[in-house]
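Open the structure in your viewer and keep the selection tool at hand. This tour goes stop by stop, with something to select at each.

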Amino acid sequence: MAISTSSKPNMAIGKFCLVMALVCLVPQMSHQAAFLERDYDSDYYTAGVVEFRPSVLSQKDNVDSYVEIIGSTDASEAEIIVFPEATLNGQTTATFVPPPEELIAPCLTDPNATYYEEFFVALSCAARNASKYVVVNLSEKQLCTDTPEDPRPCSSTGVNQFNTNVVFDREGVVISRYRKIHLYGEPRNSTYLPELSTFTTDFGVTFGHFICFDILFFDPAHQLILEQGITDFVFPTMWFSQLPYLTAVQYQQGWAYAQNVNLLAAGASNPLIGSSGSGIYHGREGTITSVMKTGIGERHIYVAKVPKFKETRQTRKSFRSRRSVDSEAPRVLSSEFRMKQDYIQNYKSEVLPIDENQRESGNLTKDICYDDTFCCHFEVTWQPLDEQSNSSYYYYRLGAYNGWRNEQNVDGNYIRNCGIFSCTGPEIEDCAKLITDNENAQPQVTFTRLVIDVTYPESKEFIFVPNTLLDNLLPLEPSQFEWTQTPTSNGYQHQVHFALAENVEVSNLLTFAVYGNYYNEICTYGAGTREDNIQCGYADEDNEGGTAAHMQSFGAWLIMPLAVILGSIQFKCL
């Protein structure tokens with residue numbers, strides 16, 4: 001509904017009404033009683049993530065389904081529910097969102113939706129009625145006059161529009177808001193200054209949040225980990241999967257592992273245009289539950305107990321929850337899931353000689369260098385499977401890349417990747433594709449040994465991600481691989497070792513890689529001139545007397561002692 005901006009309620013009155021409503025409704029205050037009974041000392045909390053197929057023709061259908069899911073039996077145990085990106089409303093029904101610091105419950109302060117959009121009020125009421133934290137993603141509007149500090153030209157309509165996460169607490173109060181920083185070709189505004197948004201729950205967990213494409217960048221997600229120590233994240237996404245490294249669950253799990261955090265990822269579900277992928281992940285322990293749908297998608301909530309990270313990760317209790325990843329899920333074909341392709345033709349790569357020796361065992365040890373500064377060491381051993389005549393099968397290549405991701409018209413990041421990836425034929429143009437024929441598709445070999453060793457340079461901001469994918473579009477779990485990341489003696493490089501675990505074999509492999517994301521490529525050791533390296537704080541190794549300071553000053557950003565820096569970056573970080 002189109003609402004005149006002149007009908008905005010007085011916020012002070014709104015807060016007063018909220019307080020009075022709570023006071024007057026004492027007999028019905030089960031919400032507050034529940035708040036007081038929450039157990040901060042519990043080893044886990046219960047979360048739900050929603051894989052949701054949106055209706056493009058009926059916003060009411062989307063809203064009704066959201067409300068139904070929030071109040072459903074399937075969601076009854078969930079303390080927090082996360083919905084996906086861009087599955088609720090569009091630009092024509094963008095809503096105002098109250099500033100979280102004003103603690104407004106639209107359900108109480110604007111029950112007739114005279115200022116906020118009707119769907120927004122309905123969701124506030126749904127969170128309140130179910131007594132749950134609810135995270136939704138929506139199209140938000142804000143008057144340009146509300147941000148006088150922004151010098152950029154405003155829209156002729158006088159309104160900015162954002163891709164926004166909103167968090168309702170158990171009372172339907174808006175307690176947090178995050179506006180997407182890294183837009184993916186979207187006709188939306190970005191904030192003048194990037195937002196770092198968190199919220200604390202009554203079950204003793206503080207969450208950070210970000211949206212879809214943000215996960216590939218330092219801000220806000222990695223920044224929240226380093227600067228605020230956040231260990232739990234909500235992640236609404238409408239991810240468009242891309243082979244071989246950036247399918248949805250593949251990267252969600254790898255990112256959570258690399259950062260050693262809990263990630264609650266809720267994905268839009270429309271596989272035929274390339275969008276699906278939801279899951280709950282517990283850091284180095286891997287997947288608790290995840291899904292990659294095919295066909296027409298679904299509307300379903302996945303609920304799981306999530307172990308809490310305690311004050312220090314070294315002393316936290318071990319909590320083994322049941323894994324629900326289906327490793328026997330069928331092979332996914334190109335007709336069931338539209339897959340984007342990475343710019344794999346830019347890699348330096350070589351074909352594994354499997355198709356020539358598929359009746360015999362084989363092994364290969366190979367170094368592939370993208371340039372003089374970046375090389376990947378591979379060790380591969382395979383065994384033949386039963387001979388399959390007239391069958392389709394995957395070829396494999398070993399590849400290395402050192403450069404910017406060159407996807408057009410979106411924010412870029414600098415990557416250094418080493419990978420084994422599948423192809424539907426022997427040429428590089430055949431790579432990063434799904435096979436088309438399920439009836440005749442048969443694996444030719446099983447890999448009994450996969451090893452990648454690589455030396456990475458130190459930098460201001462980076463993350464190394466174990467990156468795997470099987471032909472059911474799910475990754476290997478941490479119990480199935482080995483990963484070590486060790487700084488060198490001078491602190492200027494990192495040795496990364498990635499391998500299949502002992503006694504693990506894999507025949508349905510699509511990807512096995514180390515994904516090195518250097519974000520904006522700031523102060524990377526050895527990447528610039530000698531003067532650049534000295535300015536970034538690296539020792540002048542050309543100085544014979546060694547009189548240059550070993551670590552001078554990583555520019556303005558280094559203000560911590562060296563020992564703290566080296567300790568904090570060991571595991572640093574659509």
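Start by selecting helix α7, residues 248-259. In this predicted model, 12 of the 12 residues of α7 are buried, so the helix is largely enclosed by the rest of the structure. Buried here means under 20% relative accessible area. Colour the residues along the helix: A248, V249, Q250, Y251, Q252, Q253, G254, W255, A256, Y257, A258 and Q259 are buried. Now take the span from the first C-alpha to the last. The 12 residues of α7 reach 17 Å, close to the 16 Å expected at 1.5 Å a residue. Step past the end of the helix to N260. N260 follows α7 and has a positive phi, near 55 degrees.

Next, select helix α5, residues 118-130. This helix has 13 residues and reaches 18 Å from its first C-alpha to its last, close to the 18 Å expected at 1.5 Å a residue. Which residues of α5 are buried? Pick F119, F120 and V121, then L123, S124, C125, A126, A127 and R128. Just after α5 comes S131, with a positive phi of about 55 degrees.

Move on to D202. Look for D202 in the loop between β6 (198-200) and β7 (206-209). Is D202 buried or exposed? D202 counts as buried because its relative accessibility is 2%, and the cut-off for buried is under 20%. The side chains of D202 and R170 make a polar contact at 2.7 Å.

Now for the strands. Select β16 (residues 362-371) and β17 (residues 374-384). They run antiparallel, joined by 9 bridges. A hairpin of 2 residues connects β16 to β17.

Last stop: the second largest cavity. Select its lining: D342, Y343, N346, Y347, Y401, W404, R405, N406 and I415. How much space lies in this cavity? About 60 Å³. Colour the lining by residue class. The lining divides into 5 nonpolar, 2 polar and 2 charged residues.

Technical notes
Residues are numbered from 1 along each chain as its sequence is written. This is a predicted model: local features need pLDDT of at least 70, side-chain atom pairs count only at pLDDT 80 or more; totals for chains, interfaces and linings use all residues. Side-chain values use heavy atoms; hydrogens and water are left out. On a 1 Å grid over the protein atoms alone, a cavity is a set of points where a 1.4 Å probe fits but cannot get out, and a pocket is an open set with protein on both sides within 12 Å along at least five of seven lines; lining residues have an atom within 4 Å of a point. Grid points are joined across faces, edges and corners, and a volume is the space filled by probe spheres set on the points. Ala, Val, Leu, Ile, Met, Phe, Trp, Tyr, Cys and Pro count as nonpolar, Asp, Glu, Lys and Arg as charged, and the others, Gly among them, as polar. Helices (H or I, at least four residues) and strands (E, at least two) are DSSP runs, numbered from the N terminus. Buried means under 20% relative accessible area, exposed over 50%, partly exposed in between (1.4 Å probe, protein chains only). A polar contact is a pair of N or O atoms within 3.5 Å; within protein, one must be able to donate a hydrogen and the other to accept it, and residues adjacent in sequence count only if both atoms are side-chain atoms. The expected span of a helix is 1.5 Å times one less than its number of residues. Two strands pair if DSSP finds at least two bridges between them.
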